[in-house]
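Subject: Structure for you to look at

Hi,

Here is the structure I promised. Please open it and follow along with the notes below.

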Amino acid sequence: MKIKAYLVLLFTVFVQLTYAQEAKSPFDTTMYGRNPAVGKYADIRGFKMYYETYGKGEPLLIIHGNGGSINNFLYQIPYFAKNYQVIIADSRAQGKSVDPTDSLSYEMMTDDLNALLDKLQLKSCYVIGWSDGGINGLLLAIRHPDKVKKLAVTGANLWPDSTAVDPFVYKWALSYNKMLQDTIKKLTTRLPEAKNQLKLARLLSYQPHITVQQLGAITCPTLVIGGDHDVILPKHTMLIAQSIPNSYLWIIPNSGHSTPVVKKDQFNQVVSDFFAQPYRKIDGYGRFN
């Protein structure tokens with residue numbers, strides 16, 4: 001039991017890194033992610049996906065990051081629910097969406113979200129994705145382009161190496177992965193929690209594998225966001241924006257990876273304006289404006 005408790009503690013520390021200053025409040029007390037009035041389970045591709053919906057209007061899908069859950073968007077759900085029907089789910093093997101299988105990939109999670117939209121009979125929607133959720137947002141626009149009207153992603157990367165991820169963070173992720181694997185090898189019993197944590201750690205360290213050419217196939221207007229001191233290098237965020245035909249780039253000054261939390265007011269306003277206003281091509285003399 002001591003080893004089990006250690007594993008749970010280890011992974012909890014990892015999940016909460018981006019929310020260190022917000023510990024205990026308000027993420028631990030919010031109704032989001034634990035609201036019995038709106039929470040539902042959907043049978044999706046071999047597991048039960050937990051999701052909640054808020055507000056009325058055009059549908060908006062919000063996607064959380066690695067090891068996260070619905071409550072990560074505490075500051076976005078009530079803001080966007082004023083004008084949109086917000087759909088937000090715990091991704092496979094995270095939050096309340098339990099998945100006992102051994103494998104996990106961004107493509108699997110993306111297809112899960114597509115299946116959820118089908119189950120809700122939603123032909124297309126606006127999409128916000130943070131971190132791994134941003135990766136899922138990009139893949140949703142690539143694999144299921146008809147589902148995405150407009151896409152806003154923050155802190156997403158295309159591949160898992162130090163050309164995309166800050167070298168310190170990249171080495172930390174690999175070390176964390178190895179430490180977790182070494183600890184699990186010492187267990188006499190394979191705990192479900194340990195297997196799940198290892199799946200998420202592998203996802204963090206060895207995926208995704210998206211090409212620049214794939215980004216070129218994205219047709220929806222896209223807002224690509226990153227902090228100037230993000231876990232994802234600004235030059236990589238710029239590459240993503242430059243590779244998507246109809247895109248805007250927003251690098252937020254004095255910001256790290258947690259843009260929807262630390263820069264919540266700016267984030268909500270800019271993303272809201274992006275969704276509400278027509279996308280415009282800026283070329284020729286328009287570049288002087």
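Start with Gln121. Gln121 is exposed, with a relative accessible area of 72%. Find Gln121 in the loop between α3 and β5 (125-130). Gln121 is not a glycine, yet its phi is positive, about 60°. Most residues other than glycine have a negative phi. Keep in mind that this is a predicted model.

Arg45 also has a positive phi, about 50°, and is not a glycine. Look for Arg45 in the loop between β1 (40-44) and β2 (47-54). Arg45 is partly exposed, at 42% relative accessible area.

Next, a peptide bond. Most peptide bonds are trans. The one joining Gln207 and Pro208 is cis, with omega about 0°. Pro208 sits in the loop between α6 (192-206) and α7 (212-215).

Now the helices. Helix α3 (residues 106-119) packs against helix α4 (residues 132-143) at about 70°, and their axes are 9 Å apart. So α3 is roughly perpendicular to α4. Their crossing is right-handed. Residues making the contact include Tyr106, Met109 and Leu113 of α3, and Ile135, Leu139 and Arg143 of α4. The contact residues divide into six nonpolar, three polar and four charged.

Last, the cores. The largest nonpolar core has 41 residues. Leu61, Leu138 and Leu215 are among those with the most contacts inside it. Beyond its neighbours within four places in sequence, Leu215 is in contact with residues including Leu138, Leu158 and Ile244. A second, separate core has 29 residues, including Tyr54 and Trp250.

Best wishes

Note on methods: Residues numbered from 1 in each chain as written. Predicted model: local features only at pLDDT ≥ 70, side-chain atom pairs only at ≥ 80, totals over all residues. Heavy atoms only, no water. Axes fitted to C-alpha atoms, helices over the stretch in contact; angles between N-to-C directions. Helix = DSSP H or I, 4+ residues; strand = E, 2+ residues; numbered from the N terminus. Parallel < 35°, antiparallel > 145°, perpendicular 65-115°, else oblique. Left-handed = near helix turned anticlockwise from the far one by under 90°. Contact = heavy atoms within 4.5 Å. Nonpolar A, V, L, I, M, F, W, Y, C, P; charged D, E, K, R; others polar. Core = buried A, V, L, I, M, F, W, Y, C linked by side-chain atoms within 4.5 Å. Buried < 20%, exposed > 50% of the residue type's maximum accessible area, 1.4 Å probe, protein only.
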